[in-house]
Amino acid sequence: MVRLTADDIVFPQYVVIGNSTYNVFTDVEMGGGSFNGSDSNLTIGTKYLESDPNYVWSVICHEIMEMIYVQFCVRYDDTSVEGNYKFFMDHKEFQNCISEFSKVIVQFLKIK
């Protein structure tokens, strides 16, 4: 397994996903992440950046992928469970999402 360090992760000021631009914020008090499409904000918790940068990386990946699924209209509310979502897509939609993800996620890596 590749081990990231805190120095390997950078936080751009903003990212463009599809046709939307999101401001990127960090929160040293937060361990997870969130995004708000209405406000065009992405917040990544950096509470564990020094102690567990791989966890923070997984939070970044999770939020970016979910933002892409929203933009590509493949995330749906799961009304059977409060605050839950389901994802449904065919292989072409999946490929489009992965292509978008690969363009966005590299912005969070410090290229050496």
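A residue is called buried here when its relative accessible area is under 20%, exposed when that area is over 50%, and partly exposed in between, with a 1.4 Å probe and protein chains only. By that definition, tyrosine 69 is buried, with a relative accessible area of 13%.

The structure is a predicted model, in which local features need pLDDT of at least 70 and side-chain atom pairs count only at pLDDT 80 or more, while totals for chains, interfaces and linings use all residues. Residues are numbered from 1 along each chain as its sequence is written, and side-chain values use heavy atoms, with hydrogens and water left out.

## Overall architecture

The protein contains two helices and six strands; these are DSSP runs, with helices (H or I) of at least four residues and strands (E) of at least two, numbered from the N terminus. Their order along the sequence is β-β-β-β-α-β-β-α. The radius of gyration is 14 Å, close to the 13 Å that the globule rule gives for 112 residues, so the protein is as compact as a globular protein of that length. That radius is taken over C-alpha atoms, and the globule rule is 2.2 Å times the number of residues to the power 0.38. Along the principal axes, the C-alpha atoms fill a box of roughly 35 × 30 × 30 Å.

Of the 112 residues, 34% count as buried. The accessible surface comes to about 7,100 Å², and carbon and sulfur atoms hold 52% of it; such areas come from the Shrake-Rupley method with a 1.4 Å probe, and for residues only the protein chains shown count as cover. A contact means heavy atoms within 4.5 Å. Among contacts between residues at least 6 apart in sequence, 49% join residues at least 24 apart.

There are 8 positive and 15 negative side chains, and the centres of the two sets lie 7 Å apart. Lys and Arg count as positive and Asp and Glu as negative, whereas His and the chain ends are not counted. Each charge is placed at NZ of Lys, CZ of Arg, CG of Asp or CD of Glu.

## Aromatic pairs

Rings of Phe, Tyr and Trp (its six-membered ring) pair if their centres lie within 6.5 Å; planes under 30 degrees apart count as stacked, over 60 as edge-to-face and the rest as tilted. The count by this rule is three aromatic pairs. One of them is edge-to-face and joins tyrosine 48 to tyrosine 55, at 6.0 Å centre to centre with 75 degrees between the planes. Tyrosine 48 is partly exposed at 34% relative accessibility, and tyrosine 55 is likewise partly exposed at 34%.

Tyrosine 69 and phenylalanine 87 form a tilted pair, with 5.2 Å centre to centre and 50 degrees between the planes. This pair links distant parts of the chain: tyrosine 69 lies in helix 1 (residues 53-71) and phenylalanine 87 in strand 6 (residues 84-87), 18 residues apart. Tyrosine 69 is buried, whereas phenylalanine 87 is partly exposed at 40% relative accessibility.

Two non-glycine residues with positive phi lie in loops. Serine 40 has a phi of about 60 degrees and sits between strand 3 (33-36) and strand 4 (41-45). Cysteine 73 has a phi near 60 degrees and sits between helix 1 and strand 5 (75-78).

The loop between helix 1 and strand 5 also holds phenylalanine 72. Beyond its neighbours within four places in sequence, phenylalanine 72 is in contact with Asn96, Cys97 and Glu100. The C-alpha atoms of phenylalanine 72 and valine 10, 62 residues apart along the chain, are separated by 25 Å.

Phenylalanine 88 belongs to the loop between strand 6 and helix 2 (91-105). With residues up to four places away in sequence left out, phenylalanine 88 touches Val74, Tyr76 and Glu93. Its C-alpha atom is 5.3 Å from that of valine 74, 14 residues apart along the chain.

Proline 12 is placed in the segment before strand 1 (14-17). On the same exclusion of residues up to four places away, proline 12 touches Val24, Gln107 and Phe108. Proline 12 and asparagine 23 are eleven residues apart in sequence and 8.5 Å apart in space, C-alpha to C-alpha.

The accessibility of these residues is set out below.

| Residue | Relative accessible area | Class |
|---|---|---|
| Proline 12 | 15% | buried |
| Serine 40 | 23% | partly exposed |
| Phenylalanine 72 | 30% | partly exposed |
| Cysteine 73 | 53% | exposed |
| Phenylalanine 88 | 62% | exposed |
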